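Dear colleague,

Please look through the sequence and the model before reading on.

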Amino acid sequence: MPYARPTAGPVPAVAGVLTEAEIRTTGETIAAAQEESGAIGWPDGQVDAWNHVECAMALSVCGLAGPARRAYEWLLATQRADGSWPRRTAPGGAVSEPSGESNHAAYVAVGVWHEYLVTGDAEFVARMWPVVRRAIDYAVGLQTPRGEIIWQRGAGGAPASYALLTGCASMCQSLRCAAALADFAGEPQPDWELAAGQLAHTVACHPEAFADKSRFSMDWYYPVLGGAVRGPDAAARLATGWPDFVVPGLGVRCVRDEPWVTGAETCELVLALDSIGDTHRALEMFADVQFLRGPDGAYWTGWQFVNNRHFPNERSSYTSAAIILAADALSRTTRGSGMFRATGAGTAPAPAPDPLGCGCQVSMA
């Protein structure tokens, strides 16, 4: 696949772990998996907007401007009228799961803001701003009075009956990036900022608002990664779950009760650690997970450490993307490398923007 000329600026390198050339090679494996349409899917070819955006961000970090922009053009071309994308799109573009996830839609704001930070391309923001606006309105339209955002709408438009902690924690970052884009575009969206504050408070203070997925490591670290929990509370949260989810020398379990570590979750924990200043452990974990790297620079999705084999038996673009974004954060290379550090809303617990709405204050009427 032909590549556009690289964007100006260096490619990350992490001293003693990965060189600039090695990280660039990993980026090229993502570009090689890209469809002609611009879509970047899972190993089975299915595409979801969230992982697609993550891959686009990694391509930009590696200076692969052509593939990165084709990825964003795919988002522009496939967004539905309500602002969402299909939950899954099959290879070739046929919709395989028509429901729309709020977190998938909202994450486009993170990608567009990241692309602007890395490249400084204001024309790109102008082109993508209507896409972001529709996507965020779709997500915010699923917010409850308490503050959580319902995880999806079905194909018929009916919302699901519950919210997911990981998705809502991720949307804390998405809404902050969307608000920054709105200001940049000259169209401030104060309702988004209010929604972000209410969501961050719910993520930080109301575990009862979410379906119980606590066996998954993402529910453990994402409130830190998304910025809702920072400071001493973030350190305490990570310390509490560390014995359950971290396997020394290997990485992070996908789920607490299975002997299986995954590269993407490990790198997301790296980003979470780096975001709260725990750089030593972040670097240590990043070095540990390099055993998943293949000879061509692509990364295996995970490792079953009882059977001592790769599980699943696949290499995934989203894992390679997580490696690249973690390397950029640790090395402070591109102008987008500080996105996760900048997302946090201070060091104190998020206050309740609407104490009556979320249940922190009981009405005496």
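**Pockets in the model**

By class, the residues that line the second largest pocket divide into 10 nonpolar, three polar and six charged. Please bear in mind that this is a predicted model. The volume of the second largest pocket comes to about 310 Å³, and of the 19 residues in its lining, those closest to the centre are Leu165, Pro207, Ser214, Asp219 and Arg237. Two or more lining residues come from each of α7 (190-205), α8 and α9 (231-245), and among the elements α9 gives the most to this lining, with five residues.

The largest pocket holds about 950 Å³ of space. It is lined by 38 residues, of which Trp42, Asn51, Thr166, Met218 and Glu265 are the closest to its centre. The elements that each supply two or more residues to the lining of the largest pocket are the helices α2 (49-61), α4 (102-119), α6 (165-184), α8 (217-225), α10 (263-275) and α12 (317-331), together with the strand β7 (260-262). The largest share of that lining is contributed by α6, with six residues. When the residues lining the largest pocket are sorted by class, 17 are nonpolar, 11 are polar and 10 are charged.

With best wishes

Methods: Residues numbered from 1 in each chain as written. Predicted model: local features only at pLDDT ≥ 70, side-chain atom pairs only at ≥ 80, totals over all residues. Heavy atoms only, no water. 1 Å grid on protein atoms, 1.4 Å probe; cavity = no way out; pocket = protein on both sides within 12 Å on 5 of 7 lines; lining within 4 Å. Points joined across faces, edges and corners; volume = space filled by probe spheres on them. Helix = DSSP H or I, 4+ residues; strand = E, 2+ residues; numbered from the N terminus. Nonpolar A, V, L, I, M, F, W, Y, C, P; charged D, E, K, R; others polar.
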